[in-house]
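Try each task before you read its solution.

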Amino acid sequence: MELENYVITHKSTFIPANDYLMPIQVGSCHHDHINGYLHDDEGDNISELNKDYCELTGMYWIWKNRNRGVDYVGISHYRRYLCLNPDYAHKFFTHWKRYYIINSLTSMTFSELGYHRVNVEKILDSVDIVIPECSNCTERGMKNFYELYINTKRQDLLDHILDYMIERYPEYKEASELVRNSTKGYHCNIFIMKADIYDNYCEWIFSILDHVYKEYRQGKIDSKESRFIGYYAEYLSGIFFVKCQLDGKKVVEYPAVFFRHCDGKDRSLNDKWEAAKKSIYRFCVPISSVREKFVYSLKDKVSRKFEG
């Protein structure tokens with residue numbers, strides 16, 4: 001069982017030594033090539049669109065140019081990785097997108113994520129897709145997905161994209177409705193998939209996004225967001241994951257982690273303090289809840305006594 005896990009980055013960064021990790025520089029056509037990295041401006045590529053497509057230019061390159069002999073394709077970002085060891089990730093606090101925040105990416109912290117062969121093969125042996133734990137947008141829901149992003153309020157453009165998707169791929173209508181009416185969402189464009197599913201995913205998502213981008217270039221639609229294609233891809237990816245589940249594919253969720261610092265320098269004391277704070281928080285919140293209930297109960301009794 002072979003996995004190629006591509007780490008997408010636009011700059012030189014610390015890449016832990018690991019058999020599975022393959023760094024790829026995106027937007028390479030606009031910058032000097034980083035030695036030792038793959039580059040998204042070689043072979044069949046859309047590197048020049050990186051400003052709008054973000055990490056998708058790297059995903060496109062992988063689709064078109066990768067080794068066809070691998071079983072699984074993984075996508076990570078230089079700051080964001082799937083954690084295949086949930087017990088480690090759950091020590092830390094989470095962002096609203098449901099990724100766990102760790103101070104420093106080092107060889108030691110990466111070793112805790114579970115990317116050793118025995119664990120990887122155990123996880124992938126019985127699954128088709130590994131995706132991040134979904135966020136829970138309880139206040140607004142996924143209908144108002146773009147209100148979750150600063151300065152990105154184009155719900156009408158999302159409606160336009162979904163209409164085109166359903167027109168071209170009517171079999172995705174049910175999955176689209178399920179996502180639209182849900183409070184749960186998937187973010188970050190990171191995952192591990194069987195290679196053939198990854199190829200199907202890319203063919204599907206790029207056919208939709210390329211159509212929208214063509215309309216944008218022709219002036220048929222308007223967007224002032226330089227990264228708008230990347231944002232819409234996150235939403236579409238969620239629909240793809242749900243469709244795979246409806247089709248009977250085994251899709252599992254693992255924590256996603258976000259590293260504040262990616263220079264390889266050890267900030268373990270900060271990480272230990274963050275983990276300790278979470279333990280204290282877990283201990284104190286139930287106590288404070290009990291205390292609040294007691295205080296409110298006491299106030300209620302006193303109030304009723306005086307009213308009587």
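**Exercise 1: the cores**

Work out which residues have the most contacts inside the largest nonpolar core.

Solution. Start with the core itself: the largest one has 57 residues, and Tyr198, Trp204, Leu236, Ile239 and Phe240 have the most contacts inside it. A nonpolar core here is a set of buried Ala, Val, Leu, Ile, Met, Phe, Trp, Tyr and Cys residues joined through side-chain atoms within 4.5 Å, with buried meaning under 20% relative accessible area (1.4 Å probe, protein chains only). Next, look for the main contributor: helix α8 (residues 195-217) gives the most, twelve residues. Helices are DSSP runs of H or I, at least four residues, numbered from the N terminus. Then check for another core: a second, separate one has 39 residues, among them Val7, Tyr88, Ile101 and Ile192.

A word on the model: it's predicted, so local features need pLDDT of at least 70 and side-chain atom pairs pLDDT 80 or more, while totals for chains, interfaces and linings use all residues. Residues are numbered from 1 along each chain as its sequence is written, and side-chain values use heavy atoms, leaving out hydrogens and water.

**Exercise 2: a helix pair**

Describe how α7 and α9 pack.

Solution. First, the geometry: α7 (residues 173-180) and α9 (residues 228-246) pack at about 120°, axes 8 Å apart (axes are lines fitted to C-alpha atoms over the stretch in contact, and angles run from 0 to 180 degrees between N-to-C directions). Finally, pick out the contacts (heavy atoms within 4.5 Å): residues including Leu178 and Val179 in α7 meet residues including Ile239 and Val242 in α9.

Key. Buried < 20%, exposed > 50% of the residue type's maximum accessible area, 1.4 Å probe, protein only. Helix = DSSP H or I, 4+ residues; strand = E, 2+ residues; numbered from the N terminus.
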